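Here are some questions and answers for someone meeting this structure for the first time.

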Amino acid sequence: TEDNSRGYAYCGDWQVSKKKIPDMKRFVDEVHNLGMKFVIWFSVPFVGIMSKNYERFKGMYLGNRSSNDSSILDPRYKEVRDFLCDTYATHVENYGWDGLKLDFIDSFKPNENSPLYNERMDCVSVEEGLKKLLSEVTLSYQHPQLKHQVITLWSAVYNCNEKSMLMCAGMDNNTKYKFYVDKPCEVIKVK
């Protein structure tokens, strides 16, 4: 994002700022040449009111966050999940990033302004949509070149070798979800 002066108002287009990093691939290669890994941050659910994508997802938000000039995407819509997964996969492949920090997963919560289920949604609950999103993110990293990628979420880690994602936050701080590519999700209660 070129303009980050208003917090999250421009969040959600997820384009590399050419003014700040003119050649992202070269920058990542230089980091790798130093023997370091390159992990980058995404604020997963937020689309800012000034972003190009804001109108695209109108009607597909759980609600607005006036405190940071953004809205929270609703994972019950396949279009929302496809957009997020395609964004991450394209960037990792194009720039050679070693991993992603996918932040604010715990913000996917319905509120009194959230839309009720409708025919455009393929999930009844937000929790079901979030589970699908995390499973789909896991599946989008099965590309052979991305075998060793580690995707970090808000208190969660994706392990490419095990083909699983462990999310420690869940809908509360006492639940862990373990997502597998080829097995059902496990829910683990934390004491």
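Q: What do the buried residues of α1 pack against?
A: In this predicted model, where local features need pLDDT of at least 70, side-chain atom pairs count only at pLDDT 80 or more, and totals for chains, interfaces and linings use all residues, they pack against β1 (39-43) and α2. Residues are numbered from 1 along each chain as its sequence is written, and side-chain values use heavy atoms, with hydrogens and water left out. Helices (H or I, at least four residues) and strands (E, at least two) are DSSP runs, numbered from the N terminus.

Q: Which residues of α1 are buried, and what puts them on the same side?
A: In helix α1 (residues 24-33), M24, V28 and V31 are buried, and they lie on the same side because they cover an arc of only 55° around the axis, the arc being that of the directions from the helix axis to the C-beta atoms. On the other side of α1, R26 and N33 are exposed.

Q: Why is R81 called buried?
A: Buried means under 20% relative accessible area, exposed over 50%, and partly exposed in between (1.4 Å probe, protein chains only); R81 has 1% relative accessibility, and therefore counts as buried. R81 is found in helix α2 (residues 78-95).

Q: What makes the pairing of the R81 and D122 side chains a polar contact?
A: A polar contact is a pair of N or O atoms within 3.5 Å; within protein, one must be able to donate a hydrogen and the other to accept it, and residues adjacent in sequence count only if both atoms are side-chain atoms. The side chains of R81 and D122 make such a contact at 2.7 Å, and the R81 side chain makes another with that of E136 at 3.0 Å.

Conventions:
Contact means heavy atoms within 4.5 Å.
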